[in-house]
Amino acid sequence: MEFENIQYLYLLAVIPVLLVLYYLLLRWRKKSIQSIGDSSLVMQMMSRYSMKRKTLKFVLLCLALISFAIALANIRMGSKREKVKAEGSEVIICFDVSRSMLAEDVKPDRLTRAKILASQIIEKLEGNKIALIVFAGKSYVQMPLTVDTRAALMYLNTVNTDMVQVQGTDIVAALENAQTTFANGTEESNINKKNKAVIIITDGENHDSDALQMATKMAANNIKIITVGVGSTAGAPIPVKAGSNTSDFKKDGDGNIILTKMNEGMLREMAVSGGGIYVNLEQGRTAVNDIEKEIASLEKDEANQFEYTDYAYHFQLFLAIGIFLLALEFFISDRRAGWFSRFNIFEEGGNDA
């Protein structure tokens, strides 16, 4: 059992505050009655007033609030395992997380725009196996090959420039990691199939000169290379962030502001060497559609069977309970009604102050 939006459970912190306030209200009321005169006489004058009913309404409101908080948190229990058959290709997205991706020559910045484009690509490639690799001066597998696009989007959402401490844009390291990921996640019968592609999303800056040779080698092993250029060829300074604000720009040893420029020429050459295509981030939906067509041209795995898990959500139950409690509170009067008092539900005597 777990909660999808656990932050809404913080609403429960209001309950103790309400209890304290209600207790203070009771004390204030008692002192007010005592200040008027004899308590029993005052209560007889307030014969239709019911403190028990008020307390019951307060408890119902608290329980309703608890139910709504749990409903908003969207409790999900257990997991449902299903088997699905899918025919698709194998795609690894190599995502550049170097500091140069913070440059703002595309708005709001390269990293944010690249993540939006990557999410659109992942959604288009539903049904294919997808993996995610992040790289800067080193590369790491963020998510192995899976058909679970929701997991891929979740991992993509966590991508940031602090994930890899070694700075740089080591595309060769990312490609080598992609090759290993294919080897580990591909069934032996599909190793030689032309069903694999690597999508490199980067500004291409500070690339290793061996990147073109690596792309050629991978193409010879039936792995297509698709490059996505991020940024402008005119370049932009690299912000130094203090929280969410820009406090300065990255400078070289002489104190000059460094400009980071997209290496579009190299990315085009890599795509040609890797037998794929080059697209620019600024092409937006057109770039996504071109990549989708390129992936669609790959061979497909034959009816591979995958398992994935899904949750059963139960927010409806708690929403219904909350609405019921709220309705019950609404219809209960805090004063004794003549006809209702005959049922004596609250067993009220004379003084319930």
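## Overall picture

Take contacts (heavy atoms within 4.5 Å) between residues at least 6 apart in sequence: 80% of them in this chain join residues at least 24 apart. This is a predicted model, so local features need pLDDT of at least 70 and side-chain atom pairs count only at pLDDT 80 or more, while totals for chains, interfaces and linings use all residues. Residues are numbered from 1 along each chain as its sequence is written, and side-chain values use heavy atoms, with hydrogens and water left out.

The chain comes to 11 helices and 13 strands, taken as DSSP runs (H or I, at least four residues; E, at least two) numbered from the N terminus. Of its 353 residues, 41% are buried, meaning under 20% relative accessible area, with exposed over 50% and partly exposed in between (1.4 Å probe, protein chains only).

## Inside: the nonpolar cores

A nonpolar core here is a set of buried Ala, Val, Leu, Ile, Met, Phe, Trp, Tyr and Cys residues joined through side-chain atoms within 4.5 Å. The largest has 36 residues, and F95, V159, I199, I201, I291 and I295 touch the most other members. Elements giving two or more residues to this core include β3 (90-96), β6 (196-202) and α9 (285-296); the largest share, 6 residues, comes from α4.

Skip the neighbours within four places in sequence, and I291 is in contact with I121, I199, I226, V228, I277 and V279.

V20 sits in helix α1 (residues 14-36) and is partly exposed, at 47% relative accessible area.
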